[in-house]
Amino acid sequence: MAVIIPPVAASYKTPSPPSTSRLSAPHPSGHRTLLPVGPAYVNHLRLSLHHQHSFSALDKHLEAEAQRLASLNANANTEVDDLGVGSEEEDDSILTLDPKEWKKHDYYKVLGLSHFRHNATQEQIKFAHRKKVLKHHPDKKASSTAPTSTSAFLTGVNLNTNDDAFFKCISKAHEVLSNPEKRRQFDSVDPHFMDLEEDMPTAAETKSKNFEFFKTFTHVFDLYSRFSKVQPVPGLGHIDSTKEEVEGFYDFWYNFDSWRSFEWMDKEVNEGSDSRDDKRYTEKKNKTERARRKKEDIAKVRGLVDLALSVDPRIKRIKQQEKEAREAKKRGVPGKAGPSKTKQEEEQEKKRLEEEAAQKEAAEQAARADAKKAKAAAANAAKKARRQARAAEGS
Amino acid sequence: MSQTPQTKGTSTPVEFNSFAPVVGINFGNSYASIAVHAKEGQAECIANEDGERQIACAISFSGEEMYIGNQAKAQLVKNAKNTIINFRDLLGKKFSEIPQPTTPAASAPVIQHPDLPDTAAYKVEILQPAPSPLPAPSNPTSKVGTPAMNTPRSEPVRTTRILTPSEVASIFLRSLLTSAEDFLGKKVEGAVITVPAWWSAEQRAALETAAKDAGIPVIQLLEEAAAAASTATSASWVGDDAASPLLPDRTQLIVDVGSTSTSLSLLSIREGLSYVLASSYHPDLGANQIDDKLIKHFATDFTKKTKVPLTVAPAPADSVQDQRAEARLRLAIEHTKRTISASPGAATCSVESLKDGFDYTGSINRMRFDMVASPVYVSIADHIVSLLSSAGVDSHEVDEIVYVGGTGSLPGLDEKVGSAGGFDEDRVQTPFARGTVVGGGVGDPTTILARGAAAQAALITALSSNSEEDKELKEAITHAEGDVNKVKATSRTLGLLFPNSTEEHAELGGVFVPVVQKETALPARRILQLEVGLTQDSKRVAFEVWEVKEGIRVEKVKVEAEPLSDGEDEEQEDEFEEVKHKIISKEILLGALEFEAKLGLQVKGKSELAGTWSTTVQVQFIVGIEGELDVEAKEIGGSAEEGVQPAVVRLHVPAPSA
């Protein structure tokens, strides 16, 4: 409060009022008639009808009432489902984005969905967009942030012509994310992903002592699994995964079928130029560039899989097991060789097979000989027949 | 030195049901308006299907058609005898009680009901649609095989219809209800309708019956002054911040200028609780008189421009042309008046084919308009002065003027009332001064009553929860004829005097802070916080509780004299000028309290107050129902030191033995 009551003078002596002093008598009841309007009147009625004119009783009642209403409101609030969108903080770097640089924006961040990113559903995108629009619509901003002008001619005119910049960014973000094709293109080059992609494990890292294979590569493959056309993607698994699981995993990743594409990074075709050649040239370049990036991407994934395979402790384990199995077989440990046969049996089998083959050969030879004979006989018979026919003609 | 103590009232805002489909209806004699309780917890005046927020109380029958509202008013020109206006004031009145008009009526005349004894009625000519012909015979083809032709509907029958004022009101109210339900998209669950304060119980009952017939679930019939107070005490009116010029305790003058009558009410508003200190009703004074003067002005102008003689207000009984011209002018000047109210420039009045085929277009600027209307303004101001003097309230004690009704939007009226009423121009608050009149602001005089009624409807509906207490409260509010509203009120102002011996405060011996104003309904509680200065050495806080008498000291000062320090005087051409001062004289010392401040704070920084000590003291006054007084002064959080018990002192003054 601006006004401060001046301090009491030191010389001031408290007067002692006469003990008989009373307020002057109030106007008697019925002197005035209240107008029955307004919340204050309701409180007055409560006071006189229910609380024996005691303010403390009324206060208690009102407090209880307020709590009841508050709990009602709280219940009402939880019923509104925001689909988990929540409210993300908007820092200055987001609010001051330049809508002209729209290709460089992080749309998930603009819509406050950076905790979902590519996992955000269309409903969540719609909800988040609506929420942002309500908050940042230029109509709302004009009144709150309009700079004031000292010029009398401009009073009431909104001078801040750029205050819809962020709104434009929101619109663009929604436009991209709500279109599946555009969203796919954007997700392919999602700036957040690109950042993460920067620090992929290298061969050198994997050699270091405190390198944790599963921790690192689970993360890596999880990141890339978003691009798979086939879902769900098999996980890297754990140290005790079976041979089939491990092989299935590497099989999948060697045949990885990705939808990732790089149209987003195309150079803009210069719209202004009429030259068809120019356009075609740019388009062609874009196309080769896309293909190049795609190829790079495939190579990168392949490289990662190779790397993983090369350092996968399970592969070593499996190889070891196979080797052990072979050695055990060689040593002929019974029971362990299971279905495999002894060397003797094998040789017998071989012999039997050879014999069978020989027999077969012999039979075939015989058959061939028979066929030759039959052919020759048939030819002789034909000759004979012709000769007889000629003789008959000649006679 | 002005004190603005931050008072915390007993009025915790009551939560409303967010979307209660309730309406407030201002049912005037000439115009009606509807308000609904809108989303933001505020009442809002709505427009009917024709886009009119001010709906003329008129019904017109023309052939088979029935017109209601402003369309019906247009029928006054050519179909006056079938157009019913001014029916509200006939509700609940016997025919013999209605004064017979001296001049021929410009609308359907009031007649004695042909069947019912001593009942007023209107007789209108209508075309009744002929009964639909008998349905075609069951065998729809004739013998030849061609389909039989349906019998054509016969011509509508010319007939007369007798309508009682109650029936007319019922038809009109139903149209209002339909408009409201169209707007809300829901069925209206409750309505509060305004009535004039001077209405008798019969008139109220008649209105309630008419409303019931119209299907309106009436919650309460609310006095117009109360409806105005309901709006004028709402948060949207006062404003949220503490800097609002409207104090929670104020004396308010309501100036309600209707078409046919004017009523004035002087209210005492004490933290939302309001009651009437004095009121007066002037049935002969209203906007119709301004209209008469205005159309005379335009008629003279018309004659001057076209050389066609035109006599209006009143038009000669034998000249239908003049009567029609008058009706046309009356319709046209509605627009003129609205333009004058809304913009500072000149307003036009144009009527096509006013008389003898001559069109009329004239304009009037605000100054000329005020000159024309000045006699009416002056008589309103005179009535205000006499009301104030009868109530024993000085014009300088009025803190706020509220205008109600379309005429209240005229800036000239405000100027005239302000100057002729002798109000303290620096202090008195009007909607014009705050700029809330135009553009449908909170101070818009045309919608105040309807909005107040809607807020009241919402307030009562919010009570209808299941608790017993609320039911009883609702009963008490809606049938408030009982004794609950008869209250005791303080007769003198109570306050705190902080002793100080400086020159500035020599008159009273200290700084006086009023706490409980006079005319405050009992029981009353006031809580205020004050910054009290301390000295370096002593942390003593001391004050006295006084009952004081307020008065106005009138000084006659010569113009040549030096202007007084408080600057309340203005230079005028009179040789002597009356300067009014508010004065306070100490009457009864009720007690004195002092304590040592424990939570004092030293002001830091570089302001001129730096180095001084102060503390925050919260003082609570409770004046009980019998007039006993309890004062509690408590030191509150100056510094955040833990473990320091703040000083609390109490004072009890027993009730006067009356």
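Author: A salt bridge here is a side-chain nitrogen of Lys or Arg within 4 Å of a carboxyl oxygen of Asp or Glu. The model is predicted, so local features need pLDDT of at least 70 and side-chain atom pairs count only at pLDDT 80 or more, while totals for chains, interfaces and linings use all residues. Residues are numbered from 1 along each chain as its sequence is written, chains are lettered from A and ligands numbered from 1 in the order in which they are written, and side-chain values use heavy atoms, with hydrogens and water left out.

Reader: What makes K104(A) and E101(A) a salt bridge?

Author: The closest N and O atoms of K104(A) and E101(A) are 3.1 Å apart. That is within 4 Å, so the pair qualifies. Side chains of opposite charge can pair when their charged atoms come close.

Reader: Why is K104(A) put in its accessibility class, and what about E101(A)?

Author: Buried means under 20% relative accessible area, exposed means over 50%, and partly exposed is in between (1.4 Å probe, protein chains only). K104(A) has 64%, so it is exposed. E101(A) has 38%, so it is partly exposed.

Reader: How do you know that K355(B) and D322(B) pair, and which parts does the pair tie together?

Author: Their closest N and O atoms are 2.8 Å apart, which meets the salt bridge cut-off. K355(B) lies in strand β17 (residues 347-355) of chain B and D322(B) in helix α7 (residues 320-342) of chain B, so the pair ties together parts that are 33 residues apart in sequence. Helices (H or I, at least four residues) and strands (E, at least two) are DSSP runs, numbered from the N terminus. Both K355(B) and D322(B) are buried.

Reader: What makes E587(B) and R492(B) count as a salt bridge?

Author: The closest N and O atoms of E587(B) and R492(B) are 3.9 Å apart, so the pair falls within the cut-off. E587(B) lies in strand β25 (residues 576-596) of chain B, and R492(B) in the loop between β20 (486-489) and β21 (493-499) of chain B, so parts 95 residues apart in sequence are tied together. E587(B) is partly exposed at 38% relative accessible area, and R492(B) is partly exposed at 27%.

Reader: How do you know what chain A and chain B bury between them?

Author: Buried area is the accessible area (1.4 Å probe) that two parts lose on being put together, summed over both. For chain A and chain B this is about 6,200 Å², 65% of it on carbon and sulfur atoms. I5(A), L23(A) and R32(A) supply 13% of the area that chain A buries against chain B, more than any other three residues. Contact means heavy atoms within 4.5 Å, and by that test 50 residues of chain A and 85 residues of chain B take part.

Reader: How do you know that the span of helix α13 of chain A agrees with its number of residues?

Author: The expected span is 1.5 Å times one less than the number of residues. For the 36 residues of α13(A) (residues 276-311) that gives 52 Å, and the end C-alpha atoms are 52 Å apart, so the two agree. Its buried residues include T282(A), N286(A) and D297(A). Among the elements covering the buried residues are α9 (191-198) and α14 (313-331) of chain A.

Reader: Why is strand β13 of chain B called largely enclosed?

Author: 5 of the 6 residues of β13(B) (residues 218-223) are buried, so the rest of the structure largely encloses this strand.

Reader: What makes strand β12 of chain B a partner of β13(B)?

Author: Two strands pair if DSSP finds at least two bridges between them. 5 bridges join β12(B) (residues 190-195) to β13(B), so the two pair, and they run parallel. V192(B) stands opposite Q220(B) in β13(B).

Reader: Is Q429(B) buried or exposed, and what does it touch?

Author: Q429(B) has a relative accessible area of 14%, so it is buried. Its place is in the loop between α9 (411-420) and α10 (431-434) of chain B. Not counting residues up to four places away in sequence, Q429(B) touches P245(B), L246(B), D399(B), E400(B), I401(B) and R434(B).
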